[in-house]
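This report walks through one protein structure for a reader who has not seen it before. Please keep the sequence and the 3D view at hand while reading.

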Amino acid sequence: MSRFKCIGILTSGGDAPGMNAAIRAVTRSAIYNGMRVKGIYRGYKGLITREIEEFFNQNVSNIIQRGGTILKTARCLEFKTPEGRKFAYERLQEEGIDALVTIGGDGTLTGARIFAQEFNFPIVGLPGTIDNDLYGTDTTIGYDTALNTIMECVDRIRDTATSHDRLFFIEVMGRDAGFLALNGAVAAGAEAALIPEISLEKDQLAEMIENGFRKSKNSSIVLVAESEVTGGAMGVAERVKKEYPQFDVRVSILGHLQRGGSPTAQDRILATRMGVAAIEALLEDQRNVMIGLQNNQIVYVPFSKAIKNDKPINRDLLNTLQVSSI
Ligand code: F6P
């Protein structure tokens, strides 16, 4: 029998496809193990505004296929202050919640880490972000769906690029990480990817473009990760237009299209495995850990490790992209 009687669950930061599948799995697994579950709305904000509701099996019926998050999400400034966190702690006590499962990205885990330390409160985190930028897990909930969306969008844009002999710069999300851009480029057969992890000299970009066209390609697609380092698709396109006025350059920014939609099978399975694992972790008295997946095995990653370390990109993939796009 678990020492936890009631767990709280929340989603925070940017929504990601598969968050609902995770909410469903956490709720059902907690109930299966004899615990009560309370859904906290709008992330940490719901703890301050008291938007909390008891969840039963039926609250999470018919949501595994839905994008976004039924618990809604928000970025909460009050939770960044000691007073705000104290107030949140008092609400948890009032509600009889004795452990938390938080689903989100870097900001969510950072908030969880501080709160857990300050109040000695058990928290387990699930990595929910399309950016895939959390250290200690091969993939995050939502990443695979976003990657598939990017691939489909690029496939469509390629029709126009080919028909008009154009050079397209397509900007994808990822915050400070290039996972979506690099993997999206390989999946969609793009000519190149500009990512923040690898700074490209101006000349290298020029060489890449010239090579592409010299090799009798009439159109090209370059995926650009949003970031100050890459300058974004607009910035890159401006530079290229000046130097190569002969090219018919276009920019497409995929934006929030990448965040929505029904989760892929892979994201649903990942979210369900991680949701069940979160409750198992609490039953094993694990606390202040993120559930990760490494080599298809569930692992527990201390918050400090998941947040502090930069997740490295797979540099072999850059070579793969180069070789496969000649
Ligand atoms: O972290 C997910 C993400 O979609 C990033 O890729 C992007 O930089 C950011 O969120 C956008 O945030 P918002 O929806 O608040 O504009």
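Predicted model: local features only at pLDDT ≥ 70, side-chain atom pairs only at ≥ 80, totals over all residues.

Which residues point one way from β4, and which the other way? Ala99, Val101 and Ile103 point one way, Leu100, Thr102 and Gly104 point the other way, and all are buried.

**The seven-stranded sheet**

Strand β4 belongs to an open sheet of seven strands with the order β3-β2-β1-β4-β5-β10-β11, and the pairing in this sheet is mixed. The edge strands are β3 (52-55) and β11 (297-302), each of which pairs on one side only. On average, neighbouring strands of this sheet are turned by 30 degrees against each other, direction ignored.

On one side, β4 pairs with strand β1 (residues 6-11) in the parallel sense, over five bridges. Here Leu100 of β4 is the bridge partner of Gly8. Strand β4 is also joined by five bridges to strand β5 (residues 123-127), and these two strands run parallel. Across that pairing, Leu100 stands opposite Ile123 in β5. Strand β1 has a further parallel pairing, with strand β2 (residues 36-40), over four bridges. In β2, Lys38 is the bridge partner of Gly8.

Helix α1 (residues 19-32) lies across β1, β2, β3, β4 and β5, and runs at about 180 degrees to β1.

**The four-stranded sheet**

A second open sheet is formed by four strands in the order β7-β8-β6-β9, with parallel pairing. Strands β7 (192-194) and β9 (249-253) stand at its edges with a single partner strand each, so one side of each is left without a neighbour in the sheet. From one strand to the next, the twist averages 20 degrees. Strand β7 pairs with strand β8 (residues 220-225) in the parallel sense over three bridges. Within this pairing, Val224 in β8 is the bridge partner of Leu194. Helix α8 (residues 232-243) lies across β6 (167-172), β7, β8 and β9, running at about 155 degrees to β6.

**The ligand**

Which residues surround the ligand? They are Arg75, Ile130, Asp131, Met173, Gly174, Arg175, Glu226, His256 and Arg259.

| Residue | Atom in the residue | Distance to a ligand oxygen atom |
|---|---|---|
| Gly174 | backbone N or O atom | 3.1 Å |
| Glu226 | polar side-chain atom | 2.5 Å |
| His256 | N or O atom in the side chain | 2.8 Å |

The ligand on its own has 400 Å² of accessible area, and the protein covers 74% of this.

Thr139 lies in the loop between β5 and α5 (143-164). Is Thr139 buried or exposed? Its relative accessible area is 13%, and under 20% counts as buried, so Thr139 is buried. Not counting residues up to four places away in sequence, Thr139 touches Asn132, Leu270, Met274, Leu293 and Lys311.

Leu293, one of these contacts of Thr139, has its place in strand β10 (residues 289-294). Leu293 is buried, with a relative accessible area of 9%. Leaving aside neighbours within four places in sequence, the residues in contact with Leu293 include Gly136, Thr137, Asp138, Arg273, Ile298 and Val299. Leu270 is also in contact with Leu293; the two are 23 residues apart in sequence and 8.4 Å apart in space, C-alpha to C-alpha.

**Two residues with positive phi**

Most residues other than glycine have a negative phi. Asn120 is not a glycine, yet has a positive phi of about 50 degrees. Asn120 is placed in the loop between α4 (106-119) and β5, and counts as exposed at 58% relative accessibility.

Asn132 also has a positive phi, near 60 degrees, and is a residue other than glycine. Asn132 is found in the loop between β5 and α5. With a relative accessible area of 3%, Asn132 is buried, whereas Asn120 is exposed. Asn132 is also one of the residues that Thr139 touches.

Note on methods: Residues numbered from 1 in each chain as written. Heavy atoms only, no water. Pairing = 2+ DSSP bridges. Axes fitted to C-alpha atoms, helices over the stretch in contact; angles between N-to-C directions. Contact = heavy atoms within 4.5 Å. Near = heavy atom within 4 Å. Polar contact = N/O pair within 3.5 Å; in protein donor to acceptor, adjacent residues only side chain to side chain. Areas by Shrake-Rupley, 256 points an atom, 1.4 Å probe, with all protein chains shown as cover. Buried < 20%, exposed > 50% of the residue type's maximum accessible area, 1.4 Å probe, protein only.
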